[in-house]
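Colleague: I am new to this one and would like to go through it piece by piece. Could we start with the open space and work inward?

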Amino acid sequence: MNRLVQIGSITTMVAMLATGCSASANGKAATNDSSSKGDKELVFYSAEAFDKDIAQAFEKKTGIKVKLVDDSTGPLLARMQAEKSNPQWDVAWFDGPSSMQGLDNQNMLYKDYIPSNSSNYSELGKKMMPKDHAYFPASVTAAGAIAYNTKFVKDSEAPKDWSDLLKPEYKGSFAMNNPSISGPTYTTVLGLMELQGGIPQGQDFFTKLKANGLRVYDSNGPTLTNLIKGNVKFAIAQDSAIIDKIKKNAPVKIIYPKSGVTTLSSNIAIDAKAPHLEAAKKFVDFALSAEGQKVASSIDDGDANFESIIQGAPGKQGIRPDGIKWNTEDPVFGAQHENEIKQWFTQNIVQK
């Protein structure tokens with residue numbers, strides 16, 4: 001069910017006020033439209049736990065009222081597709097570059113806008129920016145790592161790599177999220193398939209995991225809850241969510257497999273037909289500022305446990321060990337195969 005949070009009063013505006021300026025073929029609008037610059041509201045679709053705090057801080061700074069729609073990535077993407085011909089959102093923020101690239105491929109994202117605060121990017125941030133500037137990386141985490149319950153597992157019994165989960169001693173003791181619902185998990189699945197050598201080899205790997213008792217829950221929340229309750233001993237989940245449980249004294253430890261974890265960026269985008277375009281641009285600039293990053297990293301939730309890619313931003317220090325092997329995904333390849341991989345996973349892993 002969609003959760004709708006309305007921050008402040010919303011004044012209904014005619015969408016043409018935000019898009020009344022002429023637009024070029026590549027989606028870039030003229031900059032001399034005073035009505036767009038006077039936007040007083042913003043519709044914000046998000047799957048990030050810090051979204052309410054970011055929205056409130058942006059409102060306080062700009063006076064622009066924010067209507068926040070908060071949900072998991074999968075339902076948000078479905079909603080955005082349903083609204084494709086008549087979009088109701090201005091800005092979207094969720095994890096996973098492939099999903100953003102998929103929207104870009106459909107010309108659903110506003111391109112070629114360069115936020116003034118994009119100069120704040122670290123070298124990693126610059127490398128993750130798409131060439132057409134259709135979306136903007138805001139932070140990074142590990143899409144998936146392995147957590148284990150220390151009440152039931154000794155450190156010496158923990159797996160060292162992904163392939164260890166295929167061993168008989170781990171049968172029926174591990175779980176992960178559903179990539180059709182959990183945005184980070186699609187990146188995890190894609191990364192593991194690429195690590196195996198390609199999609200066919202990756203499908204074989206997950207089929208073997210399923211045969212060894214893999215369980216699938218919707219998202220990080222239920223997966224890690226079942227880990228803490230002891231219903232499973234091991235869980236594959238986004239590392240920021242695992243770190244959050246550790247910080248809250250859950251009986252959990254984390255493993256970064258020796259063959260590597262997939263780097264996951266959270267990304268912000270503006271709708272190509274954004275009803276409130278100038279407000280959306282201001283929001284992106286705020287999100288990429290040290291001030292906006294401080295708001296996002298200060299909340300008491302796993303989504304705040306990110307690695308900053310913004311220079312001068314207050315990232316959380318010492319929450320990850322040194323020596324992690326970070327693997328990167330190709331978002332263009334990921335977008336091309338997203339529906340195929342998700343459908344295969346649903347039919348062969350979730351439903352069997």
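Colleague: What is the volume of the largest pocket?

Modeller: Keep in mind that this is a predicted model. Rolling a probe the size of a water molecule over the atoms shows where empty space is left. For the largest pocket, that space comes to about 570 Å³.

Colleague: Which elements give two or more residues to the lining of the largest pocket?

Modeller: The lining holds 28 residues, and Ala47, Ser219, Asn220, Gly221 and Asp303 lie nearest the centre of the pocket. By type, the lining divides into seven nonpolar, 11 polar and 10 charged residues. The elements that give two or more residues are strand E4 (91-95), helix H7 (183-196), helix H9 (220-229) and helix H10 (239-247).

Colleague: Which element gives the most residues to the lining of the second largest cavity?

Modeller: The second largest cavity holds about 60 Å³ of space, and its lining includes Trp162, Thr188, Leu192 and Asn327. That lining divides into five nonpolar, six polar and no charged residues. H7 and E11 each supply at least two of the residues. The element that gives the most, with four residues, is H7.

Colleague: Which residue is the bridge partner of Ala147 in E10?

Modeller: E6 also pairs with strand E10 (residues 252-255), again through four bridges and again antiparallel. Within E10, the bridge partner of Ala147 is Ile254.

Colleague: On to the helices. Against which elements do the buried residues of H12 pack?

Modeller: Helix H12 covers residues 290-297, and Gly292, Gln293, Val295, Ala296 and Ser297 are its buried residues. These residues pack against helix H3 (51-62), E5, helix H11 (277-287) and strand E12 (307-308).

Colleague: Is Asn107 buried or exposed?

Modeller: Asn107 is found in the loop between helix H5 (97-105) and helix H6 (123-128). The cut-off for exposed is over 50% relative accessible area. Asn107 has 54% relative accessibility, so it counts as exposed.

Colleague: What is the phi of His133?

Modeller: Most residues other than glycine have a negative phi. Asn107 has a positive phi of about 60° although it is not a glycine. His133, in the loop between H6 and strand E5 (135-142), also has a positive phi without being a glycine, at about 55°.

Colleague: How far apart in space are Ala274 and Met108, C-alpha to C-alpha?

Modeller: Ala274 lies in the loop between E11 and H11. At 2% relative accessibility, Ala274 counts as buried. In sequence, 166 residues separate Ala274 from Met108, and in space their C-alpha atoms are apart by 9.7 Å.

Colleague: Last, the chain as a whole. What percentage of the contacts with a separation of 6 or more is between residues 24 or more positions apart?

Modeller: The protein chain has 13 helices and 13 strands, and buried residues make up 55% of its 352 residues. It exposes about 15000 Å², with carbon and sulfur atoms supplying 49% of that area. Of the contacts with a separation of 6 or more, the share from residues 24 or more positions apart is 76%.

How values were computed. Residues numbered from 1 in each chain as written. Predicted model: local features only at pLDDT ≥ 70, side-chain atom pairs only at ≥ 80, totals over all residues. Heavy atoms only, no water. Pairing = 2+ DSSP bridges. Buried < 20%, exposed > 50% of the residue type's maximum accessible area, 1.4 Å probe, protein only. Contact = heavy atoms within 4.5 Å. Areas by Shrake-Rupley, 256 points an atom, 1.4 Å probe, with all protein chains shown as cover. 1 Å grid on protein atoms, 1.4 Å probe; cavity = no way out; pocket = protein on both sides within 12 Å on 5 of 7 lines; lining within 4 Å. Points joined across faces, edges and corners; volume = space filled by probe spheres on them. Nonpolar A, V, L, I, M, F, W, Y, C, P; charged D, E, K, R; others polar.
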